[in-house]
Amino acid sequence: MSEPLNVLMVEDSEIDAMLVIRELRRGGFNPSWQRVQTAQELHTALNSRTWDVIVSDYRLPGFNAPMALEIAKQSQKDIPFILVSGTIGEVSAVEMMKAGAHDYVMKDNLNRLPVAVRREVRDAQVRAERKQAQAELENQRAFLRQVFDVVPNSIFVKDAEGRFVTISQAGAAVYGVKVEEIIGKWENEFTNVALEQMHQYFVTNQQVMQTRQRQIYPSQAIVNKQGEARWYKTIVEPFVDTQGVVQGVIGSATDITDIKQAEEALQHSQKLLQTLASNIPGIIYSFVHRSDSSVAFEYISLGCLDLLELTPDQILENASLCFAQIHIDDRAGYYVAARQSAQTLKSFSYEWRLITPSGKLKWVQASARPECRENGDIVWYGVLLDVSDRKQAQELIIHNALHDPLTNLPNRTLLVERLELAINRAKRIETYRYAVLFLDLDRFKVINDSLGHLAGDQLLKTIAQKLKTHLREVDLVARIGGDEFVILLEEISGIEKAIQITERILTDFQTPLILNDSEVVISTSIGIVLGTKDYSQASDLLRDADIAMYRAKAEERSSYKIFDIEMHTQAVNRLTLETDIRKALEREEFVIYYQPIVDILGNAHGGQSQRLYGASRREAQLHAVRLIGFEALVRWQHPTRGFILPEEFVPIAEETGLIVQIDRWMFFSACQQLANWKTKFASHFPLKISINLSAQDIRQASLIEDIDQTLAQTGLEGDFIALEITESMLIENINKTIDLLTQLKTRKIQITIDDFGSGYSSLNYLHRLPADNLKIDRSFVSQMQEGNRNYQVVSTIIALSNQLGLAVVAEGIETPQQLQWLQQLGCEFGQGYLFSNPLSYKTAEALLANKSLYFSACYPISGP
């Protein structure tokens, strides 16, 4: 069978060309051919199809074989080039062979041509296959090199002596050098590897080559040229050539720096955890409840030595030793919480008491997270802490929140809780009875200020203990204010039992107490409320008991009152009155009335008084007295109730502090009125205006400033004013009061001690007070009988005032007999209905319009 053959023929002779084709056919080929005669035709033909062989004549017109060979070579196509010529010499043939021709055949010997063609075509095919194989090999090498360099691990090959045959880019980067700087070298030639480590590499490589088994270098830290240390894990295997001969080792080094650091961090954390677990005031543990219902501790820290007084080995061996320590009252709750955590796999958190082998009672708190394992076991990882100190602190906080820090009695908060329980119990149980006692100490402030706050605190502690002695276990006594105590009596038969306990307390209080080496008698006023089903709030009970207590204090000290509904009505009216007082200040409903103060002896203006004595001294004394001034008295013109007297609203104003605003207004208005009268009736002056100060005024830091401002605004001098201060106000803070009065005296303001003899004895301080006048209380004047006790008190007051150089004013003079006795005792001044009612400013002005300020005591002046 003929072989196909594509022949490109460079020939100008068609006959010669046909001879070549005939010879090829005779040689077993089936040629397909094309004849070209020029360089251009050759170029075109080479690019038009694939040729198996080029057969070229040596010399053509304008073209030749060497030129054709050069064109064939430039085409980069490996086509056998055979020279066929009849004229070529040996020299030219050799030169053509050297230039790249594959063979030459003489035209007179064409029978060699098929053999030469077949040989060259075969050689060309071999070359083509070899080239293709070489290209594939190069591609594989390039691919492997790319993979070699892309792999993040360091990959290398070493020969039998340990020198690098090749290494990946990642491997070169480990050392911080280029690949070409490593090839053919040992590590110590381009890095700081120690000789000992080099020896380990060599020994490991030899073992790999001998055993043909994989080995692992010991983990090593490599420091590159930049001084950075990285840890690597290196695996080496035998490197075997195609004949199966071991030529060296191939290895892969993985950067395990992060793993190494993580291991070190883990070791550090584990060490830290063990240290913490051994030092925290508690236990870290893992506890397992197995699917077969058995339990055990898998881990427990050394804290168990202190907390449970057991060693870890004891607990790991026998978990029941821990559970045996749970307080018997807390076991049920503990097991319920543990069971719920196991069923729901929610965190276990519980507090309980335990009793250690030595008998110590401790509070502990467990917090643990449960996990369910594949085998059904449930394991808790948790911590057990000693919270005894916290529990004690919480109990102390709760105790402090519910108890008075001074007396350690229950406070208002705890009292209200107990009252609410009593209220609810009374609604549920028909036979349940209870009562509330509200106690307020009498004159506690006086004792506190005179003996000092420490003595006052000690007194309150003593009182607290006294009250507790009169109560049963079911009862409760609480301190709810400065000197206020409340007693809750439970399970009583009726109001009689409450009264019985109250009377025992009042009797006990009559026993003197020793405070600061001083004997003190303290009394108390008590309000009683019997609990009924009608009460629903503790505040209502306390309100009603407070109302009853104030009623007892108002009527008689060291007494008690039982609350009734009328008291509540009066309290509501009192609250309404307080609201009305506030409105009255805004609406200017208060007015001032002026009660004349007269000279009942005639000493103040002796000449005029003596003239009255010419006809009948007794008659003159009874019928003619001279006006020396007025006492300013506040009245309230209520829009619906009419005139309200001071005794009804002043106590409320004093309690609420509104009295300060009333007194400031009153002081300014009275001074302004007196200044107007001074201008209008100058011939009758000097006249004084007497103005009352309350205890609230004395406590005001701005009192002196306010007085100075009023005097400046009204243009009035201080010697036209007398300020009246009650005796009880003086000893609340005697030193402060003396300083205040001294400042007033520097302004020429007179000081009158009001209601002298009705309050608490201030004789110890009287000689120190910068006072000008003593005012005898109307209670002594109204009940005077010659020789009786009140008469003697008045006589003593007048005699005392004479010794101290103080003037005496008697108030409440209503009869000629009272006036006569006072004159006989030497009382200088007086006021009362015998002379005049309190007058409106118009009536007082009409009085001042008279030419003489003498008027008859038998015909008193009445207001409109």
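**Exercise 1. Determine which helices and strands each supply at least two residues of the lining of the largest cavity.**

Solution. The model is predicted, so that local features need pLDDT of at least 70 and side-chain atom pairs count only at pLDDT 80 or more, while totals for chains, interfaces and linings use all residues. Residues are numbered from 1 along each chain as its sequence is written, and side-chain values use heavy atoms, with hydrogens and water left out.

Step 1: take helices (H or I, at least four residues) and strands (E, at least two) as DSSP runs numbered from the N terminus. A cavity is a set of points, on a 1 Å grid over the protein atoms alone, where a 1.4 Å probe fits but cannot get out, and its lining residues have an atom within 4 Å of a point.

**Exercise 2. Describe the residues that line the largest cavity.**

Solution. Step 1: the lining comprises 15 residues, of which Phe 156, Tyr 175, Gln 220, Thr 234 and Ala 253 lie nearest the centre.

Step 2: counting Ala, Val, Leu, Ile, Met, Phe, Trp, Tyr, Cys and Pro as nonpolar, Asp, Glu, Lys and Arg as charged, and the others, Gly among them, as polar, the lining divides into 10 nonpolar, 3 polar and 2 charged residues.

**Exercise 3. Give the strand order of the open sheet and its edges.**

Solution. Step 1: with pairing requiring at least two DSSP bridges between two strands, 5 strands form the sheet in the order 2-1-3-6-7, and the pairing is parallel.

Step 1: strand 2 (29-36) and strand 7 (103-106) are the edge strands, each pairing on one side only.

Notes:
On a 1 Å grid over the protein atoms alone, a cavity is a set of points where a 1.4 Å probe fits but cannot get out, and a pocket is an open set with protein on both sides within 12 Å along at least five of seven lines; lining residues have an atom within 4 Å of a point.
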